[in-house]
Amino acid sequence: MKITLYPKYLIRNLFVHGRAKFFKAGYKLLYPECGRQGMTPWQHYVIDGNRKGFGNGNQPSETFFFREGYELEYPDVKAAGVDPWRHYAEKGLAEGHDNGHHPRVDLFFAAGYLVMYPDVVKSKMDPWMHYVLHGRKEGRDNGLHPNEKQFFASGYLEMYPDVVKSKMDPWMHYVLHGRKEGRDNGLHPNEKQFFASGYLEMYPDVVKSKMDPWMHYVLHGRKEGRDNGLHPNDKQFFASGYLEMYPDVVKSKTDPWRHYVLYGKEEGRDNGLHPNEKQFSASGYLEMYPDVVKSKMEPWVHYVLFGKKEGRDSGLHSRPEPAIPVKLKATAAVKKDDAYSLMKIQTYKRAIDCHKVISFDIFDTLLIRPYLKPTDLFLHIEKQERKPGFAKARIEAEEEARRVEKYVGDITLDMIYKHIGDEFLPLRKREEFFELQVCQPHPVLKELYDYALKENKQIIVISDMYLSKQFLTKLLDKKGYHKFDRVFVSCNEHVSKGEGRLFQTVLDDLKCEPSEVLHIGDNPVSDGANADRYGIDHLIIEKVSEHLFKTNPKAALLSNVNADKFEISLYLGILAINSASAQEYLNEQMYFENLGYEYGGIVAYQFIKFIYEDCLKNNITDIAMISRDGYTLQRVFDLFNSKKLNSHYVYAPRYLCNLISCQYNPESDEQVDAFAGYYREALQSSKNDGVSHKYSYQENLKFIEDNKEEINSLAKEKKSEYLEYLSQFSYDSSRLAMVDLTTGWHTTQKFFETIYKEKEIIGYYWRSTSKEIYFNEKVYDRNSETCDLLAPNGAWDFMEFLITAPEFPVKDVVHGQPVYKNTDNVNEQFRVRIYPYISDGIMRFVKNVLEIFGNIDINVSPLVVAKWICTLYHNPTDVDKKFMLNIRRAGDVNHSKYSYMFDSWR
């Protein structure tokens, strides 16, 4: 190597002045060749570098090191007051720091910066250097946060589900890929994705908000279950009706809803729901076609969708005689917009016909829990297992699991129970037991499922749920849902319907086109809008609770007034399941059977459950169900009676008990009149002149006193005859229970005490009006608030109307057979005719409850029952009035004084 010799004064100056300013680490980075030549950086600088004009290691070029960029990337360097180049050369490089030219993506997005600021593109300056040196001072963004006029992230994800699936930041996807692919910036959905004018027409509150309709839909509307402006509900617009009314729209080939919103409304056109009198007559159509009345479908809708194709008249021309009998027509109650009507079910089946794959949601669709709120299942477990606080802890544990495990897609039941107190851990299996027991198949959905199966459709089930795929398969199989192809559950697939991606999983797994799939569920967002996002057709079937409230306003009223009560949630949950299969009230039988189900069923169930459990607890094996209240109670008791207790329906009316025991209330005009009347007729039958006589209270008392011996003699004969009747019932134990709905004087119980002197007589009653508690009486309802609700307004009469028998009033028992009175009374004839329907409805309710809950306790308090009955009493529908307005019943012991049961309705 050639060595150049320098004058001594130059070398001295270099050592004296240059060494102090020399930066060894920087020089080595800038001139790596010094190491290759076997010299230290300083030697290289002194011998060769200085002569060649190399710097002393302190002045890197801007292309080699960007000081301002380094300080922005690593703010701790600037905060420490350290020279950025020295920090980089001595430590930063070894720690993997950047040279200030390549910021992290979360600090600066170069491509985004250029999209946001076209002037930077024109300047041809490096975007990062521009941002550091100028952009920051000018208030420009770092390329990561476009303003709402440049990009709408939520809109972009809504428009492009594949971006959601990619999990890539939407803005980065748009800048790096979307723009090149011709995608929109999320602000301008196409006409198949969103119809802004339609959205504003459907939701006037959005107009008032002055918010961009697309942004409102994406940020708020979808979560609220709103439509995308393309599918107005049947109360907002009827497309087929619009086309029927305006043939020019048909010719224009414009979508009818778009035409109405953009042009028709401004032109004064109708929304397709209200044809003028020259186009259609609703009343005429219904009169001409009774089957439309039965279908419960709106007549104009029926005509447009079916009638016209079938060649039916518009209701404006000659009308044939109606086919419905006059009586039936007068009592028919046509329910509109019924989601479970035969016509609707046929519509659902036609949709199934058009698809290859039928997807069913599980909960609130295929299966129904018997509660208004799903979380009431936990409250039921808490009550059954006597674990106070479980319901609240279970709900909070699920919330905590979702918060902690938010990155797993969806949580499992095991994850939930990881966040619950140790004292509740054993209830995990009980929760699964409850689900297996109480979940019931939806009557309408079961019919649709079986139809799809019969038509050889590929069936899958899909659910957002913490219960495992294996458990749900077992549950569905137990409830009668067999032969489905696949089960897709969010906790197993790690994606959900709620976010939409579970539908993509289904499509990928089945390898089918979206147009081949029909999804059926209950949630307008997760089952509707989210399926729609992936091109999957959907049917939204009304929840049974919503159907109950729509078809039974009294149920909605009870729920609204008492929304926090578990027992009301449970009871209305049972009624909701029934409402899904209940027929419309077209005749007397249907109406009164449903009346028995909805009102009498819970009375009989709770009362008999109370009696049966108490009898088992106290080892009472003989039970007498007293007529007439005991008729249906005996039928219900037989459903409970797995222990084969000895129970019988016994004729022991108060009237007869008073006659035999000679026990009556001397202060009661009607009891004195009845007692004296019977024995006056018996003693003076030979002298009967055929003329009806009316006696005063005093005359009756005098007759009884004057004929005491003869009356006692006749009473003994009557007692002997009655004992012969009772001998057919083998009551062998030392204790005998007797059951009656209500008591005031304990007449029958006292009478039995005189008949069975060697036995202990226990009286079971729903209520007692006696001011004092009688020995050995067991009253189900002693709540004074209940009495305050039922007694003053006569609602108790309705309770007794529900729990009676299809028999006329009993005045005697002769040769073991009842002797009836008032058989020619039209009020009694009506009651005897319709009561079998009520009793059958009660039996169906009890059977349903036992089937749903098995050995799980349910308890609906007498107070709730009273409130429910009062809801009917104070809020009758027109249908209730048609069937019960003129019902009259006799509440006196003689059954001679008839009054309207619902006098307040008149």
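Helices α25 and α26 cross in a right-handed way; a crossing is called right-handed if the near helix is turned clockwise from the far one by less than a right angle, and left-handed if anticlockwise. Helix α26 covers residues 390-404, and its axis comes within 8 Å of that of α25, at a crossing angle of roughly 140°. Axes here are lines fitted to C-alpha atoms, for helices over the stretch in contact, and angles run from 0 to 180 degrees between N-to-C directions. The two helices are therefore oblique to each other, because angles under 35 degrees count as roughly parallel, over 145 as roughly antiparallel, 65 to 115 as roughly perpendicular and the rest as oblique. On the α25 side, F378, L379, I381 and E382 make the contact, and on the α26 side F390, A391, R394 and I395 do; contact means heavy atoms within 4.5 Å. Sorted by class, this contact has 6 nonpolar, no polar and 2 charged residues. Ala, Val, Leu, Ile, Met, Phe, Trp, Tyr, Cys and Pro count as nonpolar, Asp, Glu, Lys and Arg as charged, and the others, Gly among them, as polar.

A word on what you are looking at: this is a predicted model, in which local features need pLDDT of at least 70 and side-chain atom pairs count only at pLDDT 80 or more, while totals for chains, interfaces and linings use all residues. Residues are numbered from 1 along each chain as its sequence is written, and side-chain values use heavy atoms, with hydrogens and water left out.

Helix α25 (residues 376-385) also meets α28 (residues 427-438), with axes that come within 10 Å and cross at roughly 115°. That makes α25 roughly perpendicular to α28. This crossing is right-handed too. Here L377, F378, H380, I381, Q384 and E385 of α25 touch L427, R430, E431, F434, E435 and V438 of α28. The contact holds 6 nonpolar, 2 polar and 4 charged residues.

Now step back to the whole chain. It has 48 helices and 16 strands; helices (H or I, at least four residues) and strands (E, at least two) are DSSP runs, numbered from the N terminus. Of its 906 residues, 52% are buried, where buried means under 20% relative accessible area, exposed over 50% and partly exposed in between (1.4 Å probe, protein chains only). Among contacts with a separation of 6 or more, 71% are between residues 24 or more positions apart.

Next, the strands. Strands of a sheet pair through backbone hydrogen bonds, either parallel or antiparallel. Two strands count as paired if DSSP finds at least two bridges between them. Strand β4 (residues 458-463) has 5 of its 6 residues buried. It pairs in the parallel sense with β1 (residues 357-361) over 5 bridges, and I358 has I459 as its bridge partner in β4. Strand β4 also runs parallel to β5 (residues 486-489), joined by 4 bridges, with S463 partnered by V489 in β5.

Further along, 5 strands form an open sheet with parallel pairing, in the order β9-β8-β10-β11-β12. Strands β9 (646-650) and β12 (777-779) stand at the edges with a single partner strand each, so one side of each is left without a neighbour in the sheet. Neighbouring strands are turned by 25° against each other on average, direction ignored. Helix α38 (residues 630-640) packs on this sheet, touching β8 (622-626), β9 and β10 (735-743), and its direction makes about 160° with that of β9.

Helix α16 (residues 213-221) is mostly covered, with 7 of its 9 residues buried. Its cover includes α11 (153-159), α14 (196-202), α15 (204-209) and α33 (524-533). Elsewhere, α34 (residues 544-551) packs against α36 (residues 566-579) at about 85°, with axes 8 Å apart. That makes α34 roughly perpendicular to α36. Their contact has 6 nonpolar, 3 polar and no charged residues.
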